[in-house]
Amino acid sequence: MPAGGLDFFAHGALPAPRVSVAEAQRLAGEHFDLEATAQALGSQQDQNFLLRGGAGEPLGVLKLANRAIGLAEIEAQILAGKRLAQRLAPVCVATTLTGPEGAPLLATVATSEGPLVAHVVRYLPGSTLAHHGYLSPRVVSALGALAAQVSDALDDFTHPGPRAHAAVGPASR
Amino acid sequence: MLVEHVPQPDLREQLRRDSQVAWSRIAAVAGELALQPGHFDLTDENLLSTCPHGVPFPDGVIDLGDLSVSGVCPSLPPPSPRCCTTPAPSPLL
C-alpha cells in the first residue's frame with residue numbers, strides 16, 4: 001500500500017474541529033439533505049454529531065474529520081467499514097450511509113474552521129462496552145474474538161488512503 | 001506520545017528510555033515485519049453492545065478513524081492471542 005495520509009505518531013495530539021451544533025445542522029441539511037437536530041457526541045480527533053429527525057429518531061452520525069485527514073483516508077474508512085459489515089454480519093458496523101443514488105454521504109464542506117471532510121455514518125443503538133463498567137471474562141473474551149475477526153476481515157484490504165507507519169513509529173520523528 | 005503526561009520526572013525518563021530501546025529493536029527488523037490494514041482502535045470505547053437489556057455483549061463496531069497499516073500481531077513480540085490474526089498455538093497441543 002503506497003505511503004500517503006496521516007502519520008498519527010508524527011502528529012501527536014490532533015485537536016478535533018470545534019464546529020457549533022447550529023453549524024453542524026446546517027451542514028447536514030445543505031450537503032446531505034438531512035433536516036435534523038444535531039447533538040454533540042464525545043470525540044477525540046474528529047468531531048461527531050448525532051442527527052435526529054423530527055420525531056427524535058436517529059438519522060445517523062455526522063462526522064467531521066480532523067483537518068489533518070484527507071478525502072482519500074475517509075474513502076478508505078468507508079470501504080473498510082463496508083467490508084467489515086459484509087464479512088462480520090450479524091455484527092453491526094457503523095457504515096457510511098448512502099444517498100438515493102447509492103453514493104456515500106461524503107463531501108468536503110466549507111466550515112467556520114476551514115474545509116473539512118464530512119460524512120454521515122449509521123447510528124448503532126446500544127452503548128459502548130466502556131459504559132457497562134465491569135466486563136466479565138466471557139465478555140472480554142468475546143471482545144478479543146471480535147477484534148480478531150476485524151483483523152481477519154481487513155487482512156487483504158487495499159486502498160491508497162491509509163499508510164504504513166507504526167512499524168517505524170517514533171523512530172521517524 | 002503520551003509520556004509527556006507522566007508527572008514523575010524519573011519515571012518519565014525511564015519510560016522514554018525504554019520506549020526508545022523498544023522502538024530501536026523494532027526498527028532493526030521493520031523491513032521484515034508483515035503489515036496489514038487494521039482498525040487499530042478496538043477498545044471498549046469503540047465496541048458496542050447493541051442489545052439494550054441483559055448482559056453486555058460486543059456486537060457493534062464504530063469509528064474507523066484510526067484505520068491504518070501496521071504490524072501483524074503474530075510478527076510482534078509478545079504475541080497476544082486476543083489480537084492476533086491467527087490463534088496462538090495451544091500449549092496443550
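Which residue is the bridge partner of Thr128(A) in strand 2 of chain B? It is Leu48(B), and this briefing follows that pairing out into the rest of the predicted model. In this predicted model, local features need pLDDT of at least 70, side-chain atom pairs count only at pLDDT 80 or more, and totals for chains, interfaces and linings use all residues. Residues are numbered from 1 along each chain as its sequence is written, chains are lettered from A and ligands numbered from 1 in the order in which they are written, and side-chain values use heavy atoms, with hydrogens and water left out.

**A sheet built from both chains**

- Helices (H or I, at least four residues) and strands (E, at least two) are DSSP runs, numbered from the N terminus.
- Two strands pair if DSSP finds at least two bridges between them.
- Strands of a sheet pair through backbone hydrogen bonds, either parallel or antiparallel.
- Here, an open sheet of four strands runs in the order 4(A)-3(B)-2(B)-7(A), and its pairing is mixed.
- Strand 4 and strand 7 of chain A are the edge strands, each pairing on one side only.
- Two bridges join strand 7 of chain A to strand 2 of chain B in the antiparallel sense.
- Ser127(A) also has a residue facing it in strand 2 of chain B, namely Ser49(B).

**Where the chains meet**

- In terms of contact (heavy atoms within 4.5 Å), chain A brings 50 residues and chain B brings 35 residues.
- The buried area is the accessible area (1.4 Å probe) that two parts lose on being put together, summed over both.
- Between chain A and chain B this area is about 3900 Å², and carbon and sulfur atoms give 68% of it.
- A polar contact is a pair of N or O atoms within 3.5 Å; within protein, one must be able to donate a hydrogen and the other to accept it, and residues adjacent in sequence count only if both atoms are side-chain atoms.
- Between the two chains, 10 residue pairs are in polar contact, with both residues at pLDDT 80 or more.
- On the side of chain A that touches chain B, helix 1 (8-11), helix 3 (71-88), strand 4 (92-93), strand 7 (127-128) and helix 4 (137-153) each supply at least two residues.
- Helix 4 of chain A gives the most to that side, with 12 residues.
- That side of chain A divides into 31 nonpolar, 12 polar and seven charged residues. Ala, Val, Leu, Ile, Met, Phe, Trp, Tyr, Cys and Pro count as nonpolar, Asp, Glu, Lys and Arg as charged, and the others, Gly among them, as polar.

- His39(B) sits in the loop between strand 1 (35-38) and strand 2 (47-49) of chain B.
- Buried means under 20% relative accessible area, exposed over 50%, and partly exposed in between (1.4 Å probe, protein chains only).
- His39(B) counts as buried because its relative accessibility is 2%.
- Its side chain reaches the backbone oxygen of Ile62(B) at 3.0 Å.
- Leaving aside neighbours within four places in sequence, the contacts of His39(B) include Val150(A) and Leu154(A) from chain A, and Asn46(B) and Asp63(B) from chain B.

**Salt bridges**

- Side chains of opposite charge can pair when their charged atoms come close.
- A salt bridge is a side-chain nitrogen of Lys or Arg within 4 Å of a carboxyl oxygen of Asp or Glu, and the count over all chains is eight.
- Between chain A and chain B the count is one: Asp63(B) pairs with Lys63(A), with the closest N and O atoms 4.0 Å apart.
- In chain A, Arg26(A) and Glu30(A) form a salt bridge at 3.0 Å, N to O. Both lie in helix 2 (residues 21-32), four residues apart, about one turn of the helix.
- Glu23(A), Arg26(A) and Glu30(A) are linked in a network of salt bridges.
- In chain B, Arg16(B) meets Glu13(B) at 2.9 Å, N to O, and also Glu4(B) at 3.1 Å, N to O.

**Inside chain A**

- Strand 3 (residues 58-64) of chain A is mostly covered, with five of its seven residues buried.
- Strand 2 (residues 47-52) and strand 3 of chain A run antiparallel and are joined by six bridges.
- Strand 3 of chain A also pairs with strand 6 (residues 114-121) of chain A, antiparallel over four bridges.
- Val61(A) stands opposite Leu50(A), and its bridge partner in strand 6 of chain A is Val121(A).
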